[in-house]
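Dear colleague,

I am handing over the structure below, and my notes on its strands and helices follow it.

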Amino acid sequence: MQLNGTTKVLGIFGDPIAHSLSPRMQNAAIEAADINAVFVPFHVRKVELEAAVAAIRSLGLIGVNVTVPHKEAVMPFLDEIDNEAKLIGAVNTIVHLDGRLIGHNTDGRGFLDSLQSDLSFQPAGKNVLLLGAGGAARAAIVALAQATAARITISNRTFGKAEELRAEFSGLFPDTEFVAEPFEVERLQPHLASADLLVNTTVVGLHGENFSLPLIESLSTSAFFYDMVYAPGLTPLQQAASDRGLAFADGRGMLVGQGGIAFQLWFGVSPASDIMRSVIAK
């Protein structure tokens with residue numbers, strides 16, 4: 001990669017951001033496509049978000065990815081938001097087009113791509129238990145409902161947020177049953193036992209943390225586990241799934257899926273997804 005006066009710049013906003021594999025993945029795809037551009041990480045704190053978004057224009061960035069905790073908070077600072085991002089209520093990709101900042105969300109499609117490619121899992125008619133109620137959870141909920149999941153149970157430490165999502169999406173997707181449950185073992189036990197898929201949309205596990213409840217241990221042996229967290233080694237939940245012999249995947253496949261769609265939005269061409277996947281493999 002050679003940087004010069006015409007090199008286009010794009011990147012990713014997040015807090016934390018040092019762990020992100022997006023720069024490695026996107027720069028490999030950029031180089032393979034012979035595009036004169038560079039993708040860099042930007043550590044953006046909450047109080048700096050509005051100024052950072054404004055800098056996309058002033059610095060002439062062609063776009064950015066947005067990751068936790070900014071996916072919802074970034075929306076008021078944009079000029080336009082596409083329909084999918086509006087439905088999800090969160091933005092993970094910004095395209096800078098002639099001075100206008102347009103928000104997209106590629107997470108849901110990336111998540112479905114990964115379920116298929118990494119687990120050969122089809123959500124249609126299945127029961128899903130989803131942990132978390134943030135922007136990543138919203139993307140997963142929309143994707144699963146659009147793929148006609150039979151039931152989506154949402155559990156979050158702050159129960160009110162889970163209930164808000166249940167109420168909101170029940171009206172939008174009447175063919176899917178939505179349930180909200182507090183993060184308590186007695187309430188989650190029957191949903192864990194009947195789940196075809198458990199999805200962790202939180203950041204728990206990123207630094208070796210674990211949930212206090214016996215989640216993996218309560219799943220059926222035929223259930224699947226999808227963890228949006230990716231770390232250098234296995235997280236405690238992933239290790240528990242491995243120990244039980246459950247089929248599981250971390251968030252790298254979703255990262256490749258959503259990143260490939262974002263790449264196409266920025267550059268108008270499809271990236272080499274095999275290269276993107278290979279450079280972030282464990």
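In β6, R100 is the bridge partner of L97, and β6 (residues 100–104) is joined to β5 by five bridges, the two strands running antiparallel; strands, like helices, are DSSP runs numbered from the N terminus (E, at least two residues, for strands; H or I, at least four, for helices), and two strands pair if DSSP finds at least two bridges between them. Within the hairpin of β5 and β6, which has two residues between the strands, D98 takes a positive phi near 50 degrees. Strand β5 (residues 93–97) is mostly covered, with four of its five residues buried, where buried means under 20% relative accessible area with a 1.4 Å probe, protein chains only. Strand β3 (residues 63–66) also runs antiparallel to β5, joined by three bridges, and G63 has V95 as its bridge partner in β5.

Please note that this is a predicted model, in which local features need pLDDT of at least 70 and side-chain atom pairs count only at pLDDT 80 or more, while totals for chains, interfaces and linings use all residues. Residues are numbered from 1 along each chain as its sequence is written, and side-chain values use heavy atoms, with hydrogens and water left out.

Elsewhere, six strands form an open sheet in the order β9-β8-β7-β10-β11-β12, with parallel pairing. Because β9 (177–182) and β12 (247–249) stand at the edges with a single partner strand each, one side of each is left without a neighbour in the sheet. Strands β7 (residues 127–131) and β8 (residues 151–156) pair in the parallel sense over five bridges, and L129 stands opposite T153 in β8.

Kind regards

Conventions:
Buried < 20%, exposed > 50% of the residue type's maximum accessible area, 1.4 Å probe, protein only.
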